[in-house]
Amino acid sequence: MFSLILNNRRSRELNQWRNLITPLFSNLLLLQNPPALANSFSSATASDLTPEDERKRKTFTVSYLVNSLGLTTKHAESISSKANFDEKRNPDSVLKLLRSYGFTDSQISTIITTYPRFLIENPEKTLRAKLHFLKLNGASSSELTEIVSKVPKILGRRGHVSITGYFDYVKEILQDQDKNSKCPNVKQTNRTRNVSVLRELGVPQKLLLNLLISKAKPVCGKERFEESVKKIIEMGFDPTSKRFVNALYVFYELSEKTIEQKVCVYKNLGFSVDEVWATFKKWPYLLKYSEKKITQTFETLRGCGLTEEEVRVIVKKYPECVGTSEEKIVSSVETFERLGFTGEETLMIIKRHPQCIGLASETVKTKTAFLVKKMGWPLKDVASTPIVFGFSLEKFIFPRCNVIRALISKGLIGELPAISSALTSPKQRFLKNFVKKHEEVLPELIYIFTGDCVSIA
């Protein structure tokens with residue numbers, strides 16, 4: 001069956017290729033003389049940088065944010081992991097622009113925390129145009145700074161209509177809240193009352209705003225909203241979690257009959273009712289997909305060589321896979337096999353760490369090349385510990401592996417340790433086994449592991 005899936009997929013790709021040939025030829029001249037796309041404000045890509053260059057950029061970024069905005073080192077480090085730079089011309093322009101519109105350093109910190117990329121993008125093209133447009137549409141300076149700093153996501157919207165609509169909606173909500181705090185006896189709208197209920201339950205502001213601007217508008221109803229919230233609370237969802245909000249979407253959007261039909265689909269695939277609801281609590285969107293999509297995912301996984309019971313175990317372990325496309329699943333399997341993993345090893349990877357079927361092909365290739373070619377672990381060892389594919393190369397794998405390589409080069413350990421010992425053991429156990437016990441080179445190992453000459457607690 002798997003070969004049939006591959007043949008059908010290749011047939012579709014061939015037809016798509018045929019349809020693309022004409023426009024490709026017509027655009028060939030444009031490709032031969034591409035327009036200048038260089039952006040003087042752009043940060044170098046990760047592939048252009050050595051680990052040492054990357055470390056220096058992050059150190060510079062942290063120092064800049066601490067000195068310019070008064071952030072804590074920990075906060076600055078978090079931002080530097082998402083956007084970093086090695087000169088201050090562009091970030092200075094960003095801060096100058098925001099301050100010119102009246103934003104305080106505290107408000108700017110909130111905006112940069114939400115969208116770190118603003119620090120490395122041209123502010124004239126990203127920020128000024130949006131802020132200027134909001135001002136032209138009637139936003140006062142105080143409204144602009146208050147609303148944008150409370151909901152920085154406004155600056156991430158694309159298109160003028162979307163930006164102003166989002167801004168006006170949030171402004172209206174904040175005004176409602178202000179009126180009700182000053183005049184508690186004023187009759188509340190459904191939306192205002194429902195927002196108050198969710199806030200009292202502990203739903204965070206950022207999740208509330210996502211509910212408020214969603215097309216489904218689950219906070220604008222009355223009876224249906226109350227019924228949905230009651231069900232979610234009874235099921236034990238944590239109001240501070242995103243799962244609570246996702247479950248609210250599902251119960252609000254789907255009728256009881258539709259939900260029962262979705263549960264029956266999973267029952268027909270071998271789940272018990274209790275298993276369906278237990279899996280729903282892990283990932284509420286489990287019930288949002290059509291019967292066709294659910295069964296297609298099961299058939300695709302079965303076509304990869306998994307048994308029905310193994311597919312059920314995978315879905316219970318990683319229910320998000322139900323939403324993964326057939327092409328993505330097949331592509332993931334093909335990627336592992338092209339890298340040299342046997343069919344049995346590929347199935348082991350999927351069973352032990354189903355999240356692997358959602359990883360980008362290049363991510364899998366890069367990590368496999370490093371672990372196998374650079375470090376020397378056999379493919380079968382990597383397959384037996386597939387959780388490593390989910391680890392960050394820069395933040396997690398490189399620091400640990402560089403310590404291991406240093407120990408081997410100095411003759412302090414005789415052979416490459418098991419991949420599980422090196423990469424899946426808790427941080428303190430790794431430090432105990434591979435860093436702290438080698439006192440004669442402890443400062444050097446600490447530097448390699450942390451990128452700085454600091455003590456390890």
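Predicted model: local features only at pLDDT ≥ 70, side-chain atom pairs only at ≥ 80, totals over all residues.
**Whole chain**

Start with the protein chain in cartoon view. The secondary structure comes to 26 helices and zero strands. Colour by burial next: of the 457 residues, 41% are buried. Among contacts with a separation of 6 or more, 68% are between residues 24 or more positions apart.

Select residues 73-80, which form helix α4. Which residues of α4 are buried? They are Ala76, Ile79 and Ser80. Around the helix axis these residues cover an arc of only 100°, so they sit on the same side of α4.

Move on to Asn84, in the loop between α4 and α5 (89-100). Asn84 has a relative accessible area of 8% and therefore counts as buried, the cut-off being under 20%. Show side chains here. The side chain of Asn84 makes a polar contact of 2.9 Å with the side chain of Arg57. A polar atom of the Asn84 side chain also lies 3.2 Å from the backbone oxygen of Ser80, one of the buried residues of α4.

**Helix α14**

Select residues 242-253, helix α14. Its end C-alpha atoms are 17 Å apart, which agrees with the 16 Å that twelve residues should span at 1.5 Å a residue. Why is α14 described as largely enclosed by the rest of the structure? Because nine of its twelve residues are buried. They are Phe244, Val245, Asn246, Ala247, Leu248, Tyr249, Val250, Phe251 and Tyr252.

**Charges over rings**

Select Tyr285 and Lys288. Lys288 lies over the face of Tyr285, 4.8 Å from the ring centre. A second example is Arg400 with Phe430: here Arg400 is over the ring face, at 4.7 Å from the centre.

**Arg302**

Select residues 291-303, helix α17, and find Arg302 within that helix. Is Arg302 buried or partly exposed? Its relative accessible area is 36%, so Arg302 is partly exposed. Setting aside neighbours within four places in sequence, the contacts of Arg302 are with Thr307, Glu308 and Val311.

**Aromatic pairs**

Last, show the rings of Phe, Tyr and Trp. A pair of aromatic rings is described by the distance of the centres and the angle of the planes. With centres within 6.5 Å as the rule, the count comes to 18 aromatic pairs. One of them joins Phe336 and Phe341, with 5.7 Å from centre to centre and 75° between the planes, an edge-to-face arrangement. Both residues are buried, Phe336 at a relative accessible area of 1% and Phe341 at 3%.

Then select Phe370 and Phe398. Their ring centres are 4.9 Å apart and their planes stand at 65°; the pair is edge-to-face because that angle is over 60 degrees. Phe370 belongs to helix α21 (residues 361-374) and Phe398 to helix α23 (residues 393-409), so this pair ties together parts that are 28 residues apart in sequence. Phe370 is buried, with a relative accessible area of 9%.

Terms used: Residues numbered from 1 in each chain as written. Heavy atoms only, no water. Phe/Tyr/Trp six-rings, centres within 6.5 Å; stacked < 30°, edge-to-face > 60°. Buried < 20%, exposed > 50% of the residue type's maximum accessible area, 1.4 Å probe, protein only. Helix = DSSP H or I, 4+ residues; strand = E, 2+ residues; numbered from the N terminus. Lys NZ or Arg CZ within 6 Å of the ring centre and 35° of its normal. Arc of directions from axis to C-beta. Polar contact = N/O pair within 3.5 Å; in protein donor to acceptor, adjacent residues only side chain to side chain. Expected span 1.5 Å × (residues − 1). Contact = heavy atoms within 4.5 Å.
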